Amino acid sequence: MIKSEKPTIFRAERSPLKVTLLVFSGSSIMCVASAVDPLRAANRIAGEILFDFRLVSVTGEAPVTTCGLPVAVSGRFDAAEPTDVLVVVAGFGTQNYATSALLSGLRRAARTARACGGVEAGTWLVARAGLLEGRSATTHWEDMEDFSSAFPGVDVRPDRYVIDGPVFTSGGASPTFDLMLHLIRTRLGMAVALDVASVFIYDQARAATDAQPLVSLGRLDGYDPRLAQAIRLMEAHVDQPLTIEAVAKRAGVTARTLESIFRKSIGETPGAYYLRLRLGAARRLVVDTRVAMADIAGRTGFSSAAAFSRAFSRAFGEAPVKLRRGW
């Protein structure tokens, strides 16, 4: 990191992060969703607002995505509005938006923000504002050659996403989802990131440096494959939990080795993760359904409603009945 640069947002830190997403007409609805929905899910899983996001447009009116769906925004982009992170999401027609006023606004916002970035064609606007000069970046694979010609001072890479100091860029919808999972993982831990991925039944997390055309093998990059196998076993036995010894045996390791794998990869024991997995499933049933508490206890492997309530209260700070009333 250059001495004058702000500390990265991609680090262990639980303080709320204020995120402004500037969305343009012509964007892909999948890019918008991939940028914002993982953050929304992380807040829900954490039970608190750790990503304070808002969507804005240049005019304050709803931008229309390529599929014809408008995106509701909270107002107009104001470069003077304090934010920690500015994310520019754009698609077709970016050349029509690159006015001197907009580019000046992007530069002004970037000076005070801790980080800024571009999603898909949003990278073009970030580059035209001069924020990528001398840095590494990526964009959608269809635009790679033109982007390189337009910005010779940028080290253009075919990666899925690129983080270079306080600036990040992403090649499209799926890489943006990976980028947001990476942000969640680095700030809140691997366990929360896994929970967020599970919300979307998303098991294709890839490394940033994977080339964009690479076919996913549905793996957890950089993590022991026995971790994924153990977690899948736990997920399949939420209602009738296996012992950790049984999980380890089915994963082909000893209980001691499994504990070492979990501590290294997730930072907690298999037992603690398994309990949190079950309580996460229980919390979704409490908040999203009207299923009776006794039935929720049974579905998530607790011997009684009382035992479930005690474990739930320890984990989330309030009884499940109280949470349901207040949600």
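The UniProt record, an unreviewed entry, annotates residues 228-326 as "domain: HTH araC/xylS-type". Keep in mind that this is a predicted model. Elsewhere in it, let's look at one strand and some salt bridges.

**Strand S5 and its neighbours**
- Strand S5 covers residues 115-120, and six of the six are buried, so the rest of the structure largely encloses this strand.
- Strand S4 (residues 85-90) pairs with S5 in the parallel sense, over six bridges.
- To get from S4 to S5, the chain goes through helix H2 (residues 100-112), making a right-handed β-α-β crossover.

**Salt bridges**
- The whole structure has 13 salt bridges.
- Arg 40 and Asp 37 form one of them, at 3.2 Å from N to O; both belong to helix H1 (residues 29-46), three residues apart, or about one turn of the helix.
- Asp 288 and Arg 44 make a salt bridge too, at 2.4 Å from N to O.
- Asp 288 is in helix H10 (residues 270-288) and Arg 44 in helix H1, so this pair ties together parts 244 residues apart in sequence.
- Arg 135 meets Asp 164 in a salt bridge at 3.4 Å, N to O, and Arg 135 is buried, with a relative accessible area of 16%.
- Finally, a salt-bridge network links Arg 11, Glu 13, Arg 114 and Arg 187.

Conventions:
Residues are numbered from 1 along each chain as its sequence is written. This is a predicted model: local features need pLDDT of at least 70, side-chain atom pairs count only at pLDDT 80 or more; totals for chains, interfaces and linings use all residues. Side-chain values use heavy atoms; hydrogens and water are left out. Buried means under 20% relative accessible area, exposed over 50%, partly exposed in between (1.4 Å probe, protein chains only). Helices (H or I, at least four residues) and strands (E, at least two) are DSSP runs, numbered from the N terminus. Two strands pair if DSSP finds at least two bridges between them. A crossover is right-handed if, with the strands pointing away from the viewer, the path from the first strand over the helix to the second runs clockwise. UniProt positions are given in the numbering used here, feature names are shortened, and annotations may be inferred rather than shown by experiment. A salt bridge is a side-chain nitrogen of Lys or Arg within 4 Å of a carboxyl oxygen of Asp or Glu.
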